[in-house]
Amino acid sequence: MDWNTILITTVKASIGLETVVYALAAIGINIQFGYAGLLNFGQAAFLGVAAYGMAVTVATFQLPFWLGILIGLAATIVLAFLLGIPTLRLRADYLAIVTIAAAEIVRLVFRSVKFSSVFGGSDGRQNFSGDFFAMNPYSPGTYGIGPISFNERVTWVLTVGWVLIAIACGLVYLLMKSPWGRVLKAIREDEDAVRSLGKNVFSYKMQALVLGGVVGCLGGFLFALGQASVQPDLFSTEFTFYAYTIVILGGAARVFSPVVGAAIFWVLLVFVGNTLSEAVSAGMLPSLFTVNNIGAVRFMLVGLGLMLLLIFRPQGIFGDKREIALDAR
Amino acid sequence: MRRAVIAFTAFLGGLVFLLASPAWADGEALKGTLQNQGQPVNGVKISVAGEDGKPVGDATTGADGKWEVPVPEAGTYKVTLDQSTLPQGVALKLKDRATLNVQVYEGSERNVLFALAPAGQQGEAAPASSDSSSSFWDRVAQLTFEGFNLGLIIALAAMGLSLVFGTTGLTNFAHGELLTFGAMCAYFFNVILGVPLILAAVISVVIGGAFGYSQDRFFWGVLRKRGSSLVAMMIISIGLALFLRYVFLFFFGGEGAPFAEYNAQPGIQVGPISAAPKNFISMGIELAVLVFVGIALLKTRVGKAARAVADNPALAASSGINVDGVIRIIWTVGGAIASLAGVMLGLSQNVSFQMGFQILLLVFAGVTLGGLGTAFGALVGSIVVGLFIQLSTVVVPTELKTVGALLVLILVMLFRPQGILGRRERIG
C-alpha cells in the first residue's frame, strides 16, 4: 500500500480541476434547486452547450476565443429558455423529466456522425485552448507546497476556476440577501402565496434557471479548457447526478455548501478509489474484486451515499431542514 | 429493431472503446474489434491506406475479433474491410460502408467500427432501395413492425412505472434497473447455469416480481411511512439507480453479451416485413402479457382497486380499499413485467449494465405522452413512441432517432402536458 501517493492525490483532488468544475455546476444547481426549488436534471447539458459553443467557435470556425465564450454563454441562455418555457408552469417532476431528456438530446447530437463536421462526433473537439493558455501569467515550472504541486498550465486553470467560484459565491450571497432572493425562496416555499402577492412566479423561476445555467456553464468552459478537449460523453446525465449529490451533501440553500460538498465528494471518491485499487493490487481483498471492476465500487458508494443522505440527513452537512425544497408540489 | 440493435451495439461498443483506450497511448494506430451479434469474428482482412491511396498496412482479425494497424503519423486514413474474407453467414450491415475514412489524432489510437449483421438480415437497413415507391412503402411497413416491437417493450416497462406513479406519486428513476435486473437474472440462469432461455425468462420474471415486492416492502413502503417527501424519494430513486447500475457493472462487466440461444436466427419474410422468428414470438408474448394485464386491470377486483388507487389514493382508502396492499401488488406485477421487458430487450440487443437506463428515457417519454399515472395511457404512449422512433428514420439519421422521440416529449409538455389519456388536474 503506497499511502504516500494516495494521500498526495487525495489532497490534490480537494482543489483539482474536477472539484472546480463540479463546484461551479453545483453552485448553479444550488440556485435552481436549493433556492428556487427547480429540479433541473439537465445541468450537464448547460455545461455541454457552453463548452461546445466555445470549442466549436474556436476549433471549427477559427474565430476568436472571447467570441467563443460569448457564444457559449448565449447557447446556455437559449437552452435555459427552451427548457423553461414548456415546463416551468408544470409540476416539479415534469421539469425533471424534460431536462434529463434535453441533456440526452444535446449529448446525442454532439456525438452524432451526422454533425461530426461541426461537433467532431464522439472524438469531440480539440485545439481551441491556445488563446486561453497564451494568457497564462505563470512561467513554466511547478507551483505548490512540496509534492502537492501543479504545473503552470494546471495552476492557471485552477486559479481562474477558484476566482470564478469566489465570484459566483459572492454573487449568490448578495442575490439571496436581496429582495429578489427572498422572492425566490418564497416561491420554493409556496408558489401560490407568492402569486397572490402579485409576483410573476414564472418569470422569477426562469431567471433562476438562466442564472443557475450560466454559473454552471462557467464550469463547462473550465472543463473544456482544463482538458484542452471536449467530448460528448463528459456531459452525460451521471454528471448531473453527481452534482446533485454534491449539493445535497453540502446542504442545499447555503452559499458555500456546493464548494465544500464538491471538495468532500472528490476527496472521498479519489481516496476510496485509490485505496481500493491499491488494496487490490496488494492482494488484500477477496478475489471477487479485480482491477477491472474495482472502479465500479466507488460509484456504488456514491449511489448509496446519495440514498442514505436523503433518508437520514436531507439537509446535508450545513443545511437547515426547514429550508430544503423537498416538499411535493 | 435490428437497425436499432446494430446502431446500439455500435454505440455501446464505441462507449466501451472510449473508456478502454487510454488517451495517452504512444504511437498512432487504427484498431477495432469485429463482432457479429456479440460474437467475435476472426480471419477478416482489413487494410489501411493513406489519403492518397498509398497502402500503409493490413491486419487480420484474431480469435477475439481484434485487429490493429499502426500508422506512421496523425492524419486521415482509408480503412477497408475485405468483404470476401467475411465468414459464411456474416455480412456488412451497410454494403457501401466497406471503406471508411477516419481521422487519427496525434498520439492516440483510433477505434474503427464496422457494423456486421447476419447475412440475409442486413437488407432492411440498406438505404439504396428507397428509390421506387413500392420499396418505400416496404420500408415503412418494416419500420412500423420494428416500431411496434420497440413500443411493446417500452409499454411493458411503462405500465409498471405509470401505475407506481399513479398510486404513490413516485417518479421512479430506478425503474430502468428493474429491466436490467430481469435481463441479468435471465443471463445468469441461461448462460452461466445453462438453463434454456425460455425457462430462464420465466424464472427471471418470478425473481423480478419478488424484487419489485421486496423493494416496496423493505424500501419504498418504509420511506412512505417515514413521511419522506416525493422530491426526496425521486432523488433517492436516482441514488438507487446509480447504486444498482454499478452493482451490475461490478458483477457483469462493462461489455454487452448476448444470451446463449436465439442469437443468429435467419430472417423470414412475411409480406413486406423481414425479421427473425424470435421477434414475432417475443412480440406475441409481449402483446399477450399486455392484454392480460389490461384485462386484469379492467375486470378483476384487484385491478379495479389498482385503478381506483391510481386515480385518488385518499378516496380509495376511504372506500375501504387496502391501499398499501394494492401498491404492493402493483410493485410486484410491475417488477415482473419489467423483468420480462428486460429479457425481451436483451433478446433483441445485448445484455448490458446500462440497457435499462438507456431505455428509461423512452419509457418516460411513453408514460408522459400517454399521461402520467394512467395504465392505458402508458400503453398507447409507449407504442406511439416506439413507432415514432422507428418511422422517423425515414427522414432522420438512425443515430438521431432517439432525439426525435425526446423532442416530441418536450413538445407534448408544451401543448398537452396531461398527455393523451391524462386529465388536466394532475399537472399543475
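Colleague: Of the 329 residues of chain A, what percentage count as buried?

Modeller: Happy to start there, keeping in mind that this is a predicted model. A residue is called buried if 20 or more other C-beta atoms lie within 10 Å of its own. By that test, the buried part of the 329 residues in chain A is 49%.

Colleague: What radius of gyration does chain A have, and what would a compact globule have?

Modeller: The C-alpha atoms of chain A fill a box of roughly 65 × 50 × 40 Å along the principal axes. For 329 residues, a compact globule would have a radius of gyration near 20 Å. Chain A agrees with that, with a value of 20 Å.

Colleague: How many helices and strands are there in chain A?

Modeller: Let's look at its contacts on the way. Of the contacts in chain A with a separation of 6 or more, 73% are between residues 24 or more positions apart. As for the elements, chain A has 14 helices and four strands.

Colleague: Is α3(A) parallel or oblique to α11(A)?

Modeller: Helix α3 (residues 43-60) of chain A and helix α11 (residues 201-227) of chain A have axes that come within 7 Å and cross at roughly 55°. The crossing is right-handed. Angles under 35 degrees count as roughly parallel, so with its angle of roughly 55° the pair α3(A) and α11(A) is oblique.

Colleague: How many nonpolar, polar and charged residues has the contact of α3(A) with α11(A)?

Modeller: From α3(A) come residues including A:Phe46, A:Leu47 and A:Met54. From α11(A) come others, among them A:Gly213, A:Gly216, A:Gly219 and A:Gly220. Gly counts as polar here. The split by class is ten nonpolar, six polar and no charged residues.

Colleague: How do the residues of the contact of α3(A) with α5(A) divide into nonpolar, polar and charged?

Modeller: In α3(A), A:Ala44, A:Ala45, A:Gly48, A:Val49 and A:Tyr52 take part. They meet A:Ala102, A:Ala103, A:Val106, A:Arg107 and A:Phe110 in α5(A). The division is eight nonpolar, one polar and one charged.

Colleague: How many helices and strands are there in chain B?

Modeller: Chain B has 428 residues, of which 50% count as buried. Among its contacts with a separation of 6 or more, 74% join residues 24 or more positions apart. Its secondary structure comes to twelve helices and 13 strands.

Colleague: Which element gives the largest share of the side of chain B that touches chain A?

Modeller: The contact takes 42 residues from chain B and 42 residues from chain A. On the chain B side, the elements giving two or more residues are α1 (2-20), α5 (230-252), α10 (355-370) and α12 (401-415). The largest share, 15 residues, comes from α5(B).

Key. Residues are numbered from 1 along each chain as its sequence is written. Chains are lettered from A and ligands numbered from 1 in the order in which they are written. This is a predicted model: local features need pLDDT of at least 70, side-chain atom pairs count only at pLDDT 80 or more; totals for chains, interfaces and linings use all residues. Two residues are in contact if their C-beta atoms, placed from the backbone, lie within 7 Å. The radius of gyration is taken over C-alpha atoms; the globule rule is 2.2 Å times the number of residues to the power 0.38. A residue is buried if 20 or more other C-beta atoms lie within 10 Å of its own, exposed if 12 or fewer, and partly exposed in between; C-beta atoms are placed from the backbone. Axes are lines fitted to C-alpha atoms, for helices over the stretch in contact, and angles run from 0 to 180 degrees between N-to-C directions. Angles under 35 degrees count as roughly parallel, over 145 as roughly antiparallel, 65 to 115 as roughly perpendicular and the rest as oblique. A crossing is left-handed if the near helix is turned anticlockwise from the far one by less than a right angle, and right-handed if clockwise.
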